[in-house]
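I opened the model today to look up a few places in the chain, and I note below what I found.

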Amino acid sequence: MSTGEGGTELTDTTQRWTRHVVAETTADDLGPPQSPRQRFWRRFRRQRPAVLALLFLLLLTAIAVFAPLLAPADPDDQNLRNVLAVPGADGYLLGTDQFGRDMLSRMLVASRISLLAAVEAVGVAVVLGVPLGLVGAYLGGRFDRWVVRLADAFMSFPPLILAVAIVAARGPGLTNAMFAVGLVTAPRLLRLVRSSVLSVREETYIEAARSIGTPAGRIIRRHVLPNVLSPLLVQLSLVAAFAMLAEATLSFLGLGVVPPQASWGSMLQEGARFVSLAPHLVVLPGVAIALTVLAFNVLGDGLRDSLGREIRSGR
């Protein structure tokens, strides 16, 4: 083969690869016009790990909602004749704990507490962080400076150390623990929302809304907030993952749920004393926590990739 023929073949290969890349990167711009929601779902469906993570979390939510109906036994019913039974022994699918309680029933009921903990922490963080970030960044001035200083003061402390201090002051319990976790994560949501609002408030359509006398509250609600939701949704999935880990940590330290109420973190704390005799007491809740946190993180990555294209394309 001559040099000219080889160069022609290489050029043809390069052109074919270029057409393939262009077709992949511009696939969202082809076909009939679609709404932003339709474009998002089309891109999200291509993120198979994120789709699997979403299905796992939906399944886990359904299990948590119907846990009392799915549990084969009373999760607090003690049977001292079957203490530390291995999985599969005496009809116990996942074995029993140190008090002879059915581990399967306790795992199902504990899923409700663990998910509720994540929801409470995310709710507290959203209520405290998002409004302050929106209003402070949009109005600016002295109020914005004080909000930023307050957020920086909270962020200067290690999150879990600050949460432990708050729980120690308010007393143990799921609500107090999740209030503390939400309080220490709110400044991060505040800074995220503030940076997004600062990049939006100088846009032309915001100036046009101001020029015709639109109230500030309406501008924030109708024009600013929708542009902040995309990065906020991604961050909320990561906050939920952190909240589950924080709840497990606080419960492991005895600062979370109060017995006989059970969460995966408290089950880890109880089973750690018998890990050499019954490792399933630690393995089962540990795997549940790891899978759920992984699902939240993978879902956050999928949302970031799906929403990120929408933001970069300027739509």
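**Arginine 106 and its surroundings**

I began with arginine 106 and listed its contacts (heavy atoms within 4.5 Å), and, leaving aside neighbours within four places in sequence, I found Pro75, Asp76, Asp97, Arg101, Pro260, Ala262, Met267 and Glu270. Before going on I noted that this is a predicted model, in which local features need pLDDT of at least 70 and side-chain atom pairs count only at pLDDT 80 or more, while totals for chains, interfaces and linings use all residues. I also noted that residues are numbered from 1 along each chain as its sequence is written, and that side-chain values use heavy atoms, with hydrogens and water left out.

Arginine 106 sits in helix 5, which covers residues 103-139; for helices I rely on DSSP runs of H or I with at least four residues, and for strands on E runs of at least two, both numbered from the N terminus. Is arginine 106 buried or exposed? I count arginine 106 as buried because its relative accessibility is 3%, where buried means under 20% relative accessible area, exposed over 50%, and partly exposed in between, with a 1.4 Å probe and protein chains only.

**The chain as a whole**

I counted twelve helices and zero strands in the chain. Of its 315 residues, 42% count as buried, and among contacts between residues at least 6 apart in sequence, 70% join residues at least 24 apart. The accessible surface, taken by the Shrake-Rupley method with a 1.4 Å probe, comes to about 17,100 Å², of which 65% belongs to carbon and sulfur atoms.

**Helix 6**

Which residues of helix 6 are buried? They are Asp144, Val147, Val148 and Ala151, and, seen down the axis, the buried residues fall within an arc of 95°, so they line one face of the helix; the arc is that of the directions from the helix axis to the C-beta atoms. What covers these buried residues includes helix 5 and helix 8 (174-200), whereas the face turned away from the buried side carries the exposed residues Arg142, Trp146 and Arg149.

**Valine 258**

Last, I looked up valine 258, which lies in the loop between helix 10 (216-252) and helix 11 (264-271) and counts as partly exposed at 45% relative accessibility. Not counting residues up to four places away in sequence, valine 258 touches Pro172 and Gly173. Valine 258 and glycine 173 are 85 residues apart in sequence, yet 5.8 Å apart in space, C-alpha to C-alpha.
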